[in-house]
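Notebook open. I want to go through the salt bridges first, then a strand residue and a surface patch.

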Amino acid sequence: MLLLNVFEKILEKLMYKRLYDCLSFNNVLYDYQFGFRKYHSTSLALIDVMDDIYQQLDSGNIVIGIYLDLQKAFDTVDHSILLAKLYNYGVRGNVYNWFKDYLYDRQQFVSIREIDSDTGSVLYGVPQGSVLGPLLFLIYVNDIYSCINNAAVTLFADDTNLFVSGTSIDEVSANANTCIIKLNTWFLANKLSLSLDKTCFSVFGVRDDTTRCKVELRLDNVILKQVSCCKYLGIIIDNNLTWSEHINYTYNKILKFTSIFIRYATFCPLKFS
């Protein structure tokens, strides 16, 4: 975690505002990036995704939701690629040089109980705990949409999800496999790593489990795990859209806290003086 003094925070906030206003004015930021942006939130991302799923199901289509897990995405950002993207989006001259100095030649060490480790160079990653770090990451992943034509990638910072639709199981499976390969190619080109063990998918619009089992998504000879429900931005979405899993999860969570209150109720006075 990066700790900044007051003057550094002021400078970074000024640069953040200048860069963010420029990107917003020129409509540079990806429309389906809901993280670290004004007037965007997890609620808006959920509404957008669920509205799209319901529209596809109402049209008689089948939807595959793919939940991708990136390994330490903020820590693996390549500085040279990030600077190239900044330059491509119009950051030039003195401002570009400022960002170059901001990213390069950073040093770090660990201090525990007044014992310091050796100093090492920071070669990758955006400075976490800084004001500019989240915005720089958004710029780094901003062009992810360009690698796929027939589906929209939904992002909340590094939380990457893909919802592919089709009129039949064969069509939607083929589209989903193609999209995963294209996405993985983009990840590799940008030196981001996809965790295949934690990446999973669900099939919507199919009531028959036998038909669901026909869907097989694979990447690098690894078969991705199909799940009946998955937690997406704090909400558990099940493949039948009954919301029973999320209701049970919320109920058990509330029950745990109410049991704590009941346990200590006997120690609390009924009246306060």
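Which side chain meets Lys85 in a salt bridge? I looked it up in this predicted model: the partner is Asp143, at 2.9 Å from N to O. The pair ties together distant parts of the chain, 58 residues apart. I found Lys85 in helix H3 (residues 79-88) and Asp143 in the loop between helix H5 (133-140) and strand E6 (152-156). Lys85 comes out as buried, because its relative accessible area is 10% and the cut-off for buried is under 20%.

I then checked the count, and the structure holds five salt bridges. Another of them joins the side chains of Asp209 and Arg212 at 3.2 Å, N to O. These two sit three residues apart in helix H7 (residues 209-212), so about one helical turn separates them.

Arg218 is partly exposed at 34%, and Glu216 is partly exposed at 39%.

Next I went to Gln108 in strand E2 (residues 106-108). Leaving out residues up to four places away in sequence, I get contacts with Asp118, Thr119, Gly120 and Val122. Gln108 is partly exposed, at 48%.

Last, the surface: Phe257, Ile260, Phe261, Tyr264 and Phe267 make a nonpolar patch of about 590 Å². I placed Tyr264 in helix H8 (residues 244-265), and Tyr264 is partly exposed at 47%.

Methods. Residues numbered from 1 in each chain as written. Predicted model: local features only at pLDDT ≥ 70, side-chain atom pairs only at ≥ 80, totals over all residues. Heavy atoms only, no water. Helix = DSSP H or I, 4+ residues; strand = E, 2+ residues; numbered from the N terminus. Buried < 20%, exposed > 50% of the residue type's maximum accessible area, 1.4 Å probe, protein only. Contact = heavy atoms within 4.5 Å. Patch = residues over 30% accessible without salt bridge, like charges linked within 9 Å, V, L, I, M, F, W, Y side chains within 5 Å. Areas by Shrake-Rupley, 256 points an atom, 1.4 Å probe, with all protein chains shown as cover. Salt bridge = Lys/Arg side-chain N within 4 Å of Asp/Glu carboxyl O.
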